Amino acid sequence: MPVPASPVPTVPVPTVPVPTPPVPTPPVPTVPAQTVSDPAAPRSASAPAGAVPDPAFADAPPPAPPTGHPTPSPAYDTASHTAAAAAAAPAVPAPGVSSDPSHAGAPSSDPSSAGVPGPWVGPAVPESAAAPAVPAPGVSSDPSHAGAPLSDPSSAGVPGPWAGAAADPWGRYDPWAASAAASLQHDDAGGRRPEQRRGRATRTLVGGALLIALVSGGIGGAVGACLERNGGVGTVELPQAGHEAAERAPDTVAGIAARALPSVVTLHVSGSEAAGTGTGFVLDGRGHILTNNHVVEPAGSGGEITVTFNSGDTAEATVVGRDSGYDLAVVQVKGVSGLTPLPLGNSDNVRVGDPVVAIGAPFDLAGTVTSGIISARERPITAGGEEGDGSDVSYVDALQTDAPINPGNSGGPLLDARGRAIGINSAIRSADSGGAESDGGQAGSIGLGFAIPINQGKRVAEELINTGKATHPVIGVTLDMSYAGDGARVGDKGGDGGPAVTTGGPGALAGIRPGDVITAVDGQRVHSGEELIVKTRAHRPGDRLELTLERGGKETKVSLVLGSSGGG
């Protein structure tokens with residue numbers, strides 16, 4: 001390696017051309033042209049015909065490929081690569097150049113020795129006519145200085161190897177090597193094999209398919225969630241049944257209600273000390289309405305009663321007559337036309353299990369319809385008794401029903417399957433009470449409702465309309481209500497201190513005595529004094545009854561005709 005030194009002025013040396021004597025050239029074995037597959041291996045630079053090969057470029061590396069055709073080989077320094085390549089592999093003489101060292105730089109006289117002749121190769125030239133050797137740039141032509149570089153690097157025109165990293169690697173660009181580089185690029189396709197290219201294409205297709213699937217799934221999920229939240233696309237239209245006829249079968253609840261509602265009214269009663277709401281139904285075209293006594297009782301003698309019909313029309317009403325023992329009352333409206341009386345049935349025809357419909361205004365909800373069945377017949381109940389002296393106690397041989405009856409239903413009709421009134425709803429048994437009570441309280445239904453049989457209501461209503469009073473059938477005896485035994489015991493004294501058996505009354509005429517225990521009425525067992533009263537009031541005055549008595553441990557039967565007393 002030359003040692004750097006200070007620049008020395010160059011002294012020109014005259015160069016004398018020396019003729020080159022002809023030297024016999026021994027046959028040179030033909031070396032076939034090879035395609036260098038390793039871009040790092042050195043290759044000889046090709047030159048056009050007649051050009052003198054430059055020894056300085058004999059072992060130069062191939063020029064860097066153009067920017068548009070990248071090579072897979074890593075970049076390297078030109079000088080270091082040339083040295084490494086020269087040390088790693090023996091030099092291969094370029095085509096058309098003699099391998100004899102004594103003929104360095106001279107082209108071979110045998111064009112076939114270069115393999116395939118290049119386009120620059122012309123007709124064979126005799127060795128004697130060959131051009132004299134031209135010294136390489138930067139090399140002295142003096143044989144005594146063969147191989148020695150000139151002392152002035154600038155005289156060569158081309159930077160020498162001492163230029164280091166400042167040398168331009170593109171200075172050795174060989175334009176004739178482009179086709180070889182392109183051939184290598186084309187044959188290798190960037191260093192990838194066909195299998196690799198197919199694998200990459202497959203991966204690209206699979207990746208694209210997965211991406212499309214993910215995007216499609218996301219869009220579909222978003223659209224589905226939106227449709228689910230909003231109920232679909234466009235306006236929601238739900239399926240619905242078409243128009244049907246409004247008529248219903250006469251024996252259905254709807255059919256019964258449709259016929260009965262025009263005859264049912266709601267009563268609003270107010271007095272100086274109390275107010276209340278109840279129900280009633282029209283008896284005739286003259287404006288008579290049947291209801292319960294405890295419904296109109298708050299009005300007293302100076303209160304007001306307002307009747308509201310199913311159509312919404314209202315009218316003022318007055319009390320025609322009332323009876324606390326039966327818990328029935330009749331009021332009348334005037335100046336109202338077109339009333340629809342409710343047909344009356346026969347309570348004696350009712351059987352347990354018959355379907356029934358109740359109509360009323362529970363909690364002032366007018367026109368409320370409920371349904372159920374007859375749970376029992378001739379159920380003896382007592383209601384009222386708030387006065388303490390028993391004057392307001394009602395005794396009813398009632399029809400029991402599980403149709404819901406609530407406060408406000410009092411006085412409303414209990415209908416059979418043909419829409420006929422078979423009872424007047426009057427009392428309920430509540431969970432917090434020990435007995436039946438009028439439904440004017442605030443207790444709710446538990447499925448135990450009681451109605452006055454319409455046969456009894458009809459008789460009392462007729463008497464109230466005709467006379468203003470109702471008569472009560474009586475036996476003519478005073479009962480011991482404190483008796484705890486089975487049956488109804490006749491007391492020892494009357495309520496006013498007189499005899500317990502009314503003189504000349506039905507009981508005295510039948511032979512009943514104080515202390516007798518009545519155990520049955522017309523063969524039906526009675527267990528208390530209240531039951532005997534209920535059974536008696538279920539008949540009309542003048543009806544004949546057969547009583548079973550126990551006296552001194554013996555049983556006897558008597559027959560009597562019921563008497564009558566004024567009601568209150």
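This is a predicted model: local features need pLDDT of at least 70, side-chain atom pairs count only at pLDDT 80 or more; totals for chains, interfaces and linings use all residues.
L211, V215, I219, V223 and L227 make a nonpolar surface patch of about 430 Å². One of these residues, V215, has its place in helix α3, which covers residues 194–230. V215 counts as partly exposed because its relative accessibility is 44%, between the limits of 20% for buried and 50% for exposed.

## Helix α4 and its packing

Helix α4 runs over residues 253–260, and its buried residues are G255, I256, A257 and A260. These buried residues pack against four strands: β1 (264–270), β7 (355–360), β8 (368–383) and β10 (413–415).

P506 lies in helix α7, residues 506–510. The relative accessible area of P506 is 16%, so P506 is buried.

Leaving aside neighbours within four places in sequence, P506 is in contact with V474, I475 and G476, and also with L560, V561, L562 and G563. For one of these contacts, G476, the C-alpha to C-alpha distance to P506 is 5.7 Å, while the two residues are 30 apart in sequence.

## Salt bridges

The count of salt bridges in the model comes to 9. Among them is the pair E378 and K535, with the closest N and O atoms 3.8 Å apart. This pair links distant parts of the chain, since E378 is in strand β8 and K535 is in helix α8 (residues 529–537), 157 residues away. E378 is partly exposed, at 32% relative accessibility, whereas K535 is buried, with a relative accessible area of 9%.

D516 and R551 form another salt bridge, and here the closest N and O atoms are 2.7 Å apart. This pair also links distant parts of the chain: D516 is in the loop between α7 and β16 (517–521), R551 is in strand β18 (residues 544–551), and 35 residues separate them. D516 counts as buried because its relative accessibility is 2%. R551 has a relative accessible area of 28% and is therefore partly exposed. Elsewhere, salt bridges that share partners join E378, D397 and K535 into one network.

## A salt bridge inside one helix

R459 forms a salt bridge with E463, and their closest N and O atoms are 3.3 Å apart. Both residues belong to helix α6 (residues 454–467); because they are 4 residues apart there, about one helical turn separates them. R459 and E463 are both buried.

Note on methods. Residues are numbered from 1 along each chain as its sequence is written. Side-chain values use heavy atoms; hydrogens and water are left out. Patches are made of residues with over 30% relative accessible area and no salt bridge: like charges are joined within 9 Å, nonpolar side chains (Val, Leu, Ile, Met, Phe, Trp, Tyr) within 5 Å. Accessible areas come from the Shrake-Rupley method with a 1.4 Å probe; for residues, only the protein chains shown count as cover. A salt bridge is a side-chain nitrogen of Lys or Arg within 4 Å of a carboxyl oxygen of Asp or Glu. Helices (H or I, at least four residues) and strands (E, at least two) are DSSP runs, numbered from the N terminus. Buried means under 20% relative accessible area, exposed over 50%, partly exposed in between (1.4 Å probe, protein chains only). Contact means heavy atoms within 4.5 Å.
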